[in-house]
Amino acid sequence: MMRMKKEDKNKIYQLLELIYPDKSKEVLDNIINNIDNDISSDYLGNEFKDWDQKTCVLITYADSIYEEEKKTLKSLHEFLIDNLKDFIDTVHILPFLPSSSDDGFAVTDFFEVDSKYGDWKDIKKISIDFNIMSDVILNHASKSNKIFKKYLLDKKEYQNFFLSVSDNFDTSKVVRPREHNLIQNIHTDYGIKKLWCTFSNDQIDFNFLNHKVLEFFLNVISNFVKNGVRIIRLDAVGFLWKESGTSCVNLKQTHSIIKLIRQICDLHNKNIKIVTETNLPNQENLSYFGNGNEAHWIYNFPLPPLIINSILFADSTILRNWSMSMPPALEGMSYLNFISSHDGFGMRPTEGLLDDEQRSKLFERLEKNGSYFSYKTNTDGTKSVYEVNSSLYNALEKTDLDQKGKFKIERCVLAYAIILGIEGIPAIYLNSLIGDENDYKDSNKSNIKRRINRRKFNKKLLVEKINNSKTKEFKILNSLKRLILKRSQHSAFHPNATQFTLQLGPEMFGVWRQNKKRTQSIFVINNLQPKIIQLNLSEINLIATESWYDIINETQIDIHKNKLYLDPYQTVWITNK
């Protein structure tokens with residue numbers, strides 16, 4: 001056991017005062033003592049230190065890979081070792097705790113691994129070979145959660161654990177990510193309670209105004225860390241704190257809670273990383289970096305819809321303008337770049353980036369490609385698209401310029417080539433890594449639109465596909481492996497290396513990356529067109545005294561010819577080293 005230093009206690013006390021200004025010194029001191037008693041230096045697994053160009057995240061469910069008569073975490077671990085060990089160093093295992101719905105996000109027990117996946121020993125084993133990112137789902141719990149059941153019975157320990165509001169609580173400005181009724185009447189042993197349900201009727205929001213809830217989740221995080229988790233993903237964290245008459249999202253107390261969690265994780269181990277999941281408009285999302293004292297990583301939420309829009313319409317204008325306006329992440333922080341995940345392509349991050357006409361045009365094209373749409377309720381009572389539900393493969397299958405889908409595989413590879421080339425840490429969803437298609441059967445059967453992109457894979461059959469050179473799974477996976485491996489060898493691809501957005505016209509998207517020592521430059525150029533285009537090398541300022549080389553195609557660039565031709569949807573990484 002370790003003991004906190006006086007200065008650490010003072011910092012934590014100050015944060016607790018901001019969160020709970022009405023609590024007595026005795027209550028706050030007691031919270032600090034409980035934290036102090038839980039600090040431990042005992043760890044198994046890797047030590048995740050500073051990230052670099054080798055850092056690449058795989059997003060997967062605990063049961064994405066399965067075999068008969070074997071726990072899925074064991075099957076996943078073996079698949080990763082056999083197929084991805086040289087390319088992926090970090091694995092985001094989506095919720096692996098027992099759950100009643102929402103594919104793991106309605107937790108019934110915050111301290112146990114779901115037995116159908118395995119146990120904590122399996123998590124620890126994976127952590128020896130990979131950095132593990134895990135979800136701390138701290139906004140809500142399942143109706144079937146043991147804590148909620150005790151709350152219903154008016155057990156003293158869990159009184160006020162869940163958010164119950166009165167009739168005069170003003171919800172008129174509340175930002176909604178879903179369509180269902182926000183407030184649900186629930187019968188308890190002490191009367192009917194009006195309980196807050198941000199995400200579904202099976203997911204009841206915690207009441208963080210009760211400091212016991214915060215203490216509970218500090219214990220949950222501590223348990224994750226002690227079992228080998230190195231990256232803490234704070235799921236839906238923007239919704240934690242609710243106040244009457246406000247939007248009930250991104251309130252100042254929420255930011256203070258994140259600062260507190262980071263402070264305490266630093267006491268456990270300086271190498272623990274905090275990731276905030278805040279699917280919000282761009283400026284709100286950026287606020288979760290704080291002053292370098294909140295998230296280490298924030299999701300680059302505008303990327304998926306902007307990249308998809310750029311590729312579908314062969315026009316980089318919106319993506320380029322957004323890229324130019326993005327601030328570089330400060331040292332010690334990074335963007336987490338992704339193009340597809342277990343969720344759909346969120347549309348809230350495009351507010352202020354895509355206008356109504358552009359959004360409608362995008363939705364029309366995606367609908368033709370087989371996408372579903374999930375809606376949210378706006379403050380004025382109207383509904384609008386919250387996210388697009390589709391696999392990446394199907395979202396990019398056809399375009400107005402390629403209506404037969406001749407270049408669908410090339411478009412999938414291009415989408416990831418873009419996030420591998422820009423500032424930040426790349427995260428790749430397993431289903432997209434192998435070019436999986438829309439799972440209409442499971443989505444329609446379950447009536448859960450998001451399951452269109454949550455297929456699970458028989459390990460034997462999947463291995464056969466990724467080893468068959470004729471399949472799209474082989475072609476996409478091996479193309480991405482090759483890009484990931486080449487990226488890992490060049491310091492100008494460090495997540496915090498300098499980036500400038502290039503002005504190459506709408507048919508291309510390009511950035512210039514430069515390493516911290518300024519010894520290597522890489523010009524990342526992406527052709528968004530289904531045709532050969534010409535790049536004038538004079539537009540990217542290649543220094544005449546240097547030798548230039550395309551990393552991907554392993555060819556020398558003759559700058560004296562002043563022209564380079566790019567095939568449909570081709571990416572080039574032109575470097576001087």
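Trainee: In which helix is Asn321 found?

Mentor: This is a predicted model. In it, Asn321 belongs to helix α10, which covers residues 317–325.

Trainee: Is Asn321 buried, partly exposed or exposed?

Mentor: Such words rest on relative accessible area: under 20% is buried, over 50% is exposed, and partly exposed falls in between. Asn321 has a value of 43%, so it is partly exposed.

Trainee: How far apart are Asn321 and Gln503 in sequence and in space?

Mentor: Along the sequence they are 182 residues apart, and their C-alpha atoms are 9.7 Å apart in space. For another pair, Gly344 and Ile258, the separation along the chain is 86 residues and the C-alpha atoms are 25 Å apart.

Trainee: Where is the place of Gly344, and is Gly344 buried or exposed?

Mentor: Gly344 sits in the loop between β12 (334–338) and β13 (345–346). Its relative accessibility is 12%, and therefore Gly344 counts as buried. Leaving out residues up to four places away in sequence, Gly344 touches Glu387, Val388 and Asn389.

Trainee: What about Asp114: where is its place, and is it buried or exposed?

Mentor: Asp114 is in the loop between β3 (90–93) and α4 (120–129). With a relative accessible area of 10%, Asp114 is buried.

Trainee: Which residues is Asp114 in contact with, leaving aside its neighbours within four places in sequence?

Mentor: They are Phe96, Leu97, Pro98 and Ser99.

Trainee: Now the inside of the model. Which residues touch the most other members of the largest nonpolar core?

Mentor: That core has 167 residues, and those touching the most other members are Ile93, Phe96, Phe162, Phe208, Phe217 and Ile232. Take Phe162 as a case: beyond four places in sequence, it touches Ala141, Ile147, Phe148, Tyr151, Leu195, Ile204, Asp205, Phe206 and Asn207. Another core, of 17 residues, lies apart from the largest one and has Leu504, Phe523, Leu537 and Val572 among its members.

Trainee: How many cavities of 30 Å³ or more are there?

Mentor: The general idea is that rolling a probe the size of a water molecule over the atoms shows where empty space is left. Here the count is five cavities of 30 Å³ or more. The largest cavity holds about 220 Å³ of space. It is lined by 17 residues, and the closest to its centre are Arg178, Phe199, Asp235, Ala236 and Glu277.

Trainee: How do the residues of that lining divide into nonpolar, polar and charged?

Mentor: In the largest cavity, six are nonpolar, five are polar and six are charged. The second largest cavity has a volume of about 140 Å³. Its lining has 16 residues, with Phe301, Phe338, Ser341, Asp343 and Gly344 the closest to its centre. This lining divides into five nonpolar, six polar and five charged residues.

Trainee: And how much space lies in the largest pocket?

Mentor: A cavity is a space the probe cannot get out of, whereas a pocket is open. The largest pocket has about 520 Å³ of space. Of its 18 lining residues, Arg178, Phe199, Ser374, Ile448 and Lys449 are the closest to its centre.

How values were computed: Residues numbered from 1 in each chain as written. Predicted model: local features only at pLDDT ≥ 70, side-chain atom pairs only at ≥ 80, totals over all residues. Heavy atoms only, no water. 1 Å grid on protein atoms, 1.4 Å probe; cavity = no way out; pocket = protein on both sides within 12 Å on 5 of 7 lines; lining within 4 Å. Points joined across faces, edges and corners; volume = space filled by probe spheres on them. Nonpolar A, V, L, I, M, F, W, Y, C, P; charged D, E, K, R; others polar. Core = buried A, V, L, I, M, F, W, Y, C linked by side-chain atoms within 4.5 Å. Buried < 20%, exposed > 50% of the residue type's maximum accessible area, 1.4 Å probe, protein only. Contact = heavy atoms within 4.5 Å. Helix = DSSP H or I, 4+ residues; strand = E, 2+ residues; numbered from the N terminus.
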